Amino acid sequence: MEALLDYAWVVVALPLLSAALIAMFGKQLPGGGSELGVASLGLAFLASAGIAWETFVNSPIEPVERALEWSPLGGGFVFELGILVDGLTAVMLLLVTTVSLMVHIYSREYMRGEPRFTYFFSMLSLFTFSMLVLVVANNLLLAVIGWELVGLCSFLLIGFYWEKKPNQDAANKAFLTTKFGDVGLIVGVIVLSAGMFELDTSTPFNILEINGAAAAGDLATGTIVLGMLLIFLGCVSKSGQMPLHVWLPDAMAGPTPVSALIHAATMVTAGVFLLARLYPVMAQSQAVMAVIAVVGVITLFFGGLLALVQDDLKKVLAYSTISQLGYMIAALGVGGYTASMFHLFTHGFFKALLFLGAGSLIHAVHSNNMSDMGGMARAMPHTFWTFIVGSLALAGFPLTAGFFSKDEILIAGDIWAGAGFATGALVYWIGLAAAFVTTFYMARVCFLVFAGENRSHHPPHESGKQMVGPLMLLAVLSIASGYLLSPFSPDQPNFETWMATPILDEDATFPFTEDGATEATGVQGDGVQAGGEVVAVEGAEGGPVSVLHGVPSWHPDLLAIVLGIFAVAIFLAYRFYGRGVPERDPTLRMGPVSTALVNKYGFDAFGYRFIVVPVRDTLSRWATYSSNHWLDGIVGGVGRATMSVAQSTYRVLDQRVIDGGVNGAAFSAAWWSERLKRIQSGDVQRYAGALVAGVIVLILAFIAVR
Amino acid sequence: MDPNTAGWALVVALFLPLVGAGLLALMPASMDRQIRLAAVGITAVAFALVVAITASFDFGRTGELQFVTDVGWITAIDARFIVAIDGISMPLFFLTYLLPLLCAIYTTKNLPAPGKPKAFLGLMLMLQTGMAGTFVAFDLILFFIFWELVLVPMFFMIGMWGGPRRDYASVKFFLYTLFGSVFMLIAFLAIYFQAGAETWSIQELSAMAPFGSSTFQTWAFLGMFLGFAIKVPMWPFHTWLPDAHTEAPTIGSVLLAGVLLKMGTYGFVRIALPLLPEGALRFAPIIGVLAVIGIIYGSLCCLAQTDVKRLIAFSSVGHMGFVMLGIAAMNEAGIQAALFGNIAHGVITGMLFFLAGSLHDRYHTREIAVIGGGMLKKIPKYGVMLTYVAIASLGLPGLAGFWGEFTAMWAAINPGLGLADDFQGLYLVLVVFAAIGTVLTAAYFLWLLQRINLGEPPAQWADEPLDDVKTIEWVSWTPLLLLVLALGIFPVLVFGVQDGAVSVLMGYLAG
């Protein structure tokens, strides 16, 4: 089985193969090429499951790296095509292939009869390939390549219905907003690699080498801070963090399976994944972690609030994705490395479930709006109960996957707070508050969609097997995946040992927490390693904080708060929405708050007014004008000046002076000859007189010179 | 062929197009069809010969000159006829034989008014020898002659087969470039006399450099800078380019973007840098700043264009900015990036000009607003092709455009030859702005695609029968489309060939 890890590249190659085969032969096949996609993703899933199993049961494992020298880049540096397989990779492989397989199967039914059906499947496979490139990349340059390719696929799939302008605009907005963030990613990667130039390596992008150098203190602080903050800018745009989240709700213009795969479960988590990949670098700097935590906290709260006022079911889910990504990002910023990845993992399943469930509903009623739904529980029982499971998991109802993973994040915040970092308390309390918001808006969705009378214009019907099957499987995973790291988990293996690497092992601590190390070392030592008691670390203010937190214990206080939140939120949602759509939605009756939410805090309008319009309409015209009139004016001026010099040369110098000289010579010769000929009169006395006069003049001249 | 002895092969390949032009001249003008086929034959034979040269090229020692011919020529002024090829020349030389072949094939079916294939193809073949010569000449005088030889056929191509403002555009192209090359020639002369070695050989002079005080080098570099920067063109010397491209016939634009502009960057790398290292070092930050201004400025101009072809022309200003940023980095990775960007831009933008030309053939306009969208509905294969090439041009990884841009920025973060000591901050700013340029590039291409490709075709075109990609277009374009993908996936095809030669070059630069 060990050898399986060496062949992780096969998992990547399979979807590329199917993308190419579908594009070439898909139209001739009875299933329009979708069968090729399902088959290749099925195989990729099996291989990923094997890799996941292998890395999980033997965790923590040594990362396996296999690389080909692909191209020289100059100066002795090379670009490698390589894979890096460890627990982190395995988790992502499993998540991506599972959700992608489910989405491939689901789309066979959902997209039936669509024009460009084959193209759709080819793009789904191409997306999966690109995402897997990012996931297995052994170096940052290759990761950037995967990162950009998923962006392209996202663009093409958001704009899948490109006949309509709003969809085109949504696609462009998504691509350009994320591309703006990529400025940060690319420059950040370049800065980090430049930090490696001095370390005598030919592979300055290599992730393990960069992580190792950072952990060993071989990277300058400036390099780490600048590099990671820039890379974080890329993560902000890709992973829908405020204020660059604006593209994600619009991205819902794409077909719903695309929203499930790309804009919920996988691509948008790329930023979280990349930060986790570079965690040893990020963990060097308190400043970087604080920035990341604050951005995450802002997003998880304010992003969630936006879900309250939406009528479009997919937009509710989109804002909830933004909020949940905020949790993951915030977790990374408060030392919750495992917690963040764990939430990424469970969220991938339950959010894909919710989106596919939404797709099933939309398929049935031909509308995205909840005001066109209602009473769907009876008509679509399977969609109903799976959706409820997904909602509970998202809201963090006890014993679902979302409960365990979100609690891990809150606990991480608590530990961080205990070590004396304010951001920890921020994550804990605002995280709890946002959990209330989450529960409320999901309860609102469930009541509006499933309770009351049917308001749709189409008689709703349950979806077929290919759509319901994936829903059921994802529902199971939305509960089961949580038990990888819960108070029921063994010390080894569990999700945390799975995420551990030689750098991020149980001895790893955050270096900037080590100031008060002398009195706290012992405390930290037995606190964390002896089976998951985090109490000791919580008390160790100023002492080193471990990266890994151990198996979580029960937190009765937190459990009580969570249950309380649930009761209140569901009660309120029932009161407002239990009997169908209210006359005026209470979320729209909150005065200026509602106005702010409906206007999306003004971010979209601001971006359009102060970035898009000035660049597109003002700066561009100014540049063209200056090129055509000023710069070209100089060229034209030089040209005209040369011409006028030439003209004057011709008219004055040539025609008057030179040619004038020539003509003048002729004329003057005639003029003089006219006068001179009179001298030659043949009169001898005149000659003699002139001779005498000449002699006198000469004599006078001699005297004068003397 | 033995790359050590078969110098004749290179010389034959070099002059074959010129001889071909002579052969065309002998054919009676009435043999329209035969003339066009003959041109395909000539370019095909030349290309085959270059493929053979490439195949027997010793890729193990790309830093050395191969297929060398070095004979006395104008002994009175010490000029020698030195023609050879190394890893830096190879990719450009190859492109110079591929593009004319594709152009000749394309011309069998497409030739703008006033027709006259004999004159048109004859000029194209002359142009080919001129372009190829600049990439393989290793004697300054010989280089200069090929450099100037290029001007004449392009002048006539634009002036006779061009659009409505062809007279203005062709004269502007000719005079502007000539203006620059005068200063270049003066710099060559200055170096010759300063070196006092009675040789014009680029290799020998490179090995002897540096000569003269740093003031001398600065002035001499300024002269070359004017010559090369106008050709590239760098901002603010770019204004001849949009006019030349807009008015030039399709083939003229393809060759202009595909090969001609590369002569400028090649000149910087091959001549200006190794011969005048100190001057280059002084100019590097200035080049970097102008390059990045070009990237941003060119992209902004693209956003405001209403004519597809003019938009693509302005996009060249931005893309060549990345190439020059690589040169400004003054390290191996930067030169590699610049030369890769050269090739990638030649292939991608050459292809874009093919597409712009055929767009005009179909719609008889290039105004974005008049075309009005819906091309993916109306002519889907063409629409997909345009999307593909546009995406390559905006630098998507996996396609050719990425490597030149990314590597240029990467190289510029840590400029070589001690520049990092004084200008680290400046170069970081340059990298950031160059990266912002990639966003603007994406913006104008996506907006272009949205406005002409997507949506429903407007009423004006809805019932108009428009041809999708035709057979002749498939034949002449497929090699470029494949090359765009191949260079993106296998950057080693160019990086690997150049690697050794760039090392040698940097050896000259570092002294």
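Helix 15 of chain A is mostly covered, with 20 of its 21 residues buried. The structure described here is a predicted model.

**Chain A overall**

- Taken along the principal axes, the C-alpha atoms of chain A fill a box of roughly 150 × 70 × 55 Å.
- Of the 706 residues in chain A, 56% are buried.
- Among contacts in chain A with a separation of 6 or more, 78% are made by residues 24 or more positions apart.

**Helix 15 of chain A**

- Helix 15 of chain A covers residues 313-333 and reaches 31 Å from its first C-alpha to its last, close to the 30 Å expected at 1.5 Å a residue.
- Gly335(A) follows helix 15 of chain A and has a positive phi, near 80°.

**The hairpin of chain A**

- Strand 1 (residues 64-74) and strand 2 (residues 77-85) of chain A run antiparallel and are joined by 9 bridges.
- Val64(A) stands opposite Val85(A), which belongs to strand 2 of chain A.
- The two strands form a hairpin with 2 residues between them, and Gly75(A) in the turn has a positive phi of about 70°.

**The contact between chains A and B**

- Chain B gives 42 residues to the contact, and chain A gives 39 residues.
- On the side of chain B that touches chain A, at least two residues each come from helix 11 (277-304), helix 13 (332-363), helix 17 (401-412), helix 18 (419-452) and helix 21 (492-510) of chain B.
- Helix 18 of chain B supplies the largest share of that side, 9 residues.
- By class, the side of chain B that touches chain A has 30 nonpolar, 9 polar and 3 charged residues.

**Met154(B) and its surroundings**

- Met154(B) lies in helix 5 (residues 140-161) of chain B.
- Met154(B) counts as buried because it has 25 C-beta neighbours inside 10 Å, where the cut-off for a buried residue is 20 or more.
- Not counting residues up to four places away in sequence, Met154(B) touches Leu127(B), Phe173(B), Gly252(B), Leu256(B) and Leu260(B).
- From C-alpha to C-alpha, Met154(B) and Ala137(B) are 20 Å apart in space, and they are 17 residues apart in sequence.

Key. Residues numbered from 1 in each chain as written. Chains lettered and ligands numbered in written order. Predicted model: local features only at pLDDT ≥ 70, side-chain atom pairs only at ≥ 80, totals over all residues. Contact = placed C-beta atoms within 7 Å. Helix = DSSP H or I, 4+ residues; strand = E, 2+ residues; numbered from the N terminus. Nonpolar A, V, L, I, M, F, W, Y, C, P; charged D, E, K, R; others polar. Buried ≥ 20, exposed ≤ 12 C-beta atoms within 10 Å, placed from the backbone. Expected span 1.5 Å × (residues − 1). Pairing = 2+ DSSP bridges.
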